Amino acid sequence: MINNIPTDELFASGHRACAGCGQALAVRLVMKAAGKNTIVANATGCLEVFSTPYPETSWRVPWIHGAFETAASVASGVDKALVKQKKRKKVNLLAFGGDGGTFDIGFQALSGAAERGHKLTYVCFDNGAYMNTGIQRSGATPKYAATTTSPAGKKIHGKTEFKKPMPLIMAAHGCYVATASVAFPHDLIKKVQKALKHKGLSYVQVFSPCIPGWGIPSNMSIESAKLAFKTKITPLFEVENGIVTITNRPSKELPVEEYLSRQKRFKHLSQKEIDDVQSHVDTEWEKLAHLEETKVRIS
Ligand SMILES: Cc1ncc(C[n+]2csc(CCOP(=O)(O)OP(=O)(O)O)c2C)c(N)n1
Ligand SMILES: [Mg+2]
């Protein structure tokens, strides 16, 4: 352990992620949290591509690549196989998907696995678009972000919809849910370890900046994730037994502009659009704070 973080490297260096990739660091931390008795089912996406250029691999645990939409269904099968082999208690089972593979195309498999109560921890690495195939908008892309399928031009100003509230949707399934950020490694590790102890399916969504997709310099990943937290764009919370707890609150709140103005994908925003984002962020935060305060069960 160094600074309470395991020194084991179960996700090896030498992979082909972009310099400064938020997802690569997030995966490394998740693997440290899970330890070596772990099996990973990985959907198609940047992670699968950059970690396994044939014949090499970064994975020091058993790892299965499934089709784009199948991380949760492949992991469901592994769960049942482990039960049959009487090995279920000895193994941590993780399913990994990008936001496209989770919010959109893999949602049916994920919802089904949650409903069937498979014991597995699904980790969504949210970089806010289909990055692997060239930055197409997903259900996780924030409103107004320019992507190749929601371009910023004279008539259209990037994506026209807000991000899908995936953590609350998963919480409605009755799962343990946590949001984490690559900028807060201790919190991330704690939440993954807690998720792994839970009965049934648990869901952890990790905010993972993308250098080319967001148009930020390669040394700005962690700073961008910190700004997302300080502007309350990415609240850090968990839902346990249906009850919301905001786990970390920014000591000094910043306006959303501090986050947006540093990224090329938001360069075209007008003041009115920035205000729209601010108002949405404030409403979403109030919603979470209200759920926390009233202890209303959402499942
Ligand atoms: C059924 C299917 N449709 C489309 C693709 C092409 N495809 C591969 S990866 C990918 C994008 C993945 O995006 P995301 O899940 O957000 O992961 P990221 O690459 O951003 O980490 C797409 C569209 C595919 N492999 N299979
Ligand atoms: Mg993505």
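The shell around ligand 1 divides into six nonpolar residues, 11 polar residues and one charged residue. This holds for a predicted model. Of the 18 residues around ligand 1, G45, G98, G100, M131 and N132 come nearest. Three elements, α2, β3 and α4, each supply at least two residues of the shell. The largest share comes from α4, with three residues.

The sheet is open and has eight strands. Their order is β2-β1-β3-β4-β6-β5-β7-β8, and the pairing is mixed. Strands β2 and β8 (243-248) stand at the edges. Each has a single partner strand, so one side of each is left without a neighbour in the sheet. From one strand to the next, the twist averages 20°.

Both senses of pairing can be followed in particular strand pairs. Strand β3 (residues 92-98) pairs with strand β4 (residues 120-126) in the parallel sense, over five bridges. Here A95 stands opposite Y122 in β4. Strands β7 and β8 also pair over five bridges, but in the antiparallel sense. In this pair V239 stands opposite V244 in β8. The hairpin of β7 and β8 has two residues between the strands. Within this hairpin, N241 takes a positive phi near 50°.

Helix α7 (residues 185-197) lies across β3, β4, β5, β6, β7 and β8. Its direction runs at about 160° to β5. Helix α11 packs on the sheet as well, touching β7 and β8. The direction of α11 makes about 115° with that of β8.

Helix α5 (residues 107-116) has the buried residues A109, L110, A113 and A114. These cover an arc of only 130° around the axis, which puts them on the same side of α5. Just after α5, G117 takes a positive phi of about 75°.

The buried residues of helix α9 (residues 221-230) are S221, S224, A225, L227, A228 and F229. What covers them includes both helices and strands. Among the helices are α1 (22-34), α8 (211-214) and α10 (257-260). Among the strands are β5 (176-181), β6 (201-207) and β7 (236-240).

Helix α9 is followed by K232, whose phi is positive. The value is about 70°, although K232 is not a glycine. K232 is found in the loop between α9 and β7. It is buried, because 22 other C-beta atoms lie within 10 Å, and the threshold for a buried residue is 20 or more. K295 also has a positive phi without being a glycine, with a value near 55°. This residue lies in the segment after α11 (271-294). K295 counts as exposed because it has 10 C-beta neighbours inside 10 Å, where the limit for exposed residues is 12 or fewer.

The peptide bond from Y54 to P55 is cis, with omega near 5°. P55 is found in the loop between α2 (46-51) and β2 (63-65).

V74 has its place in helix α3 (residues 71-84). It is buried, because 21 other C-beta atoms lie within 10 Å. Leaving aside neighbours within four places in sequence, V74 is in contact with A41, I64 and G66. V74 and P62 are 12 residues apart in sequence. In space, C-alpha to C-alpha, V74 and P62 are 13 Å apart.

Definitions and conventions
Residues are numbered from 1 along each chain as its sequence is written. Chains are lettered from A and ligands numbered from 1 in the order in which they are written. This is a predicted model: local features need pLDDT of at least 70, side-chain atom pairs count only at pLDDT 80 or more; totals for chains, interfaces and linings use all residues. Helices (H or I, at least four residues) and strands (E, at least two) are DSSP runs, numbered from the N terminus. Two residues are in contact if their C-beta atoms, placed from the backbone, lie within 7 Å. Two strands pair if DSSP finds at least two bridges between them. Axes are lines fitted to C-alpha atoms, for helices over the stretch in contact, and angles run from 0 to 180 degrees between N-to-C directions. The arc is that of the directions from the helix axis to the C-beta atoms. A residue is near a molecule or strand if its C-beta atom, placed from the backbone, lies within 6 Å of it. Ala, Val, Leu, Ile, Met, Phe, Trp, Tyr, Cys and Pro count as nonpolar, Asp, Glu, Lys and Arg as charged, and the others, Gly among them, as polar.
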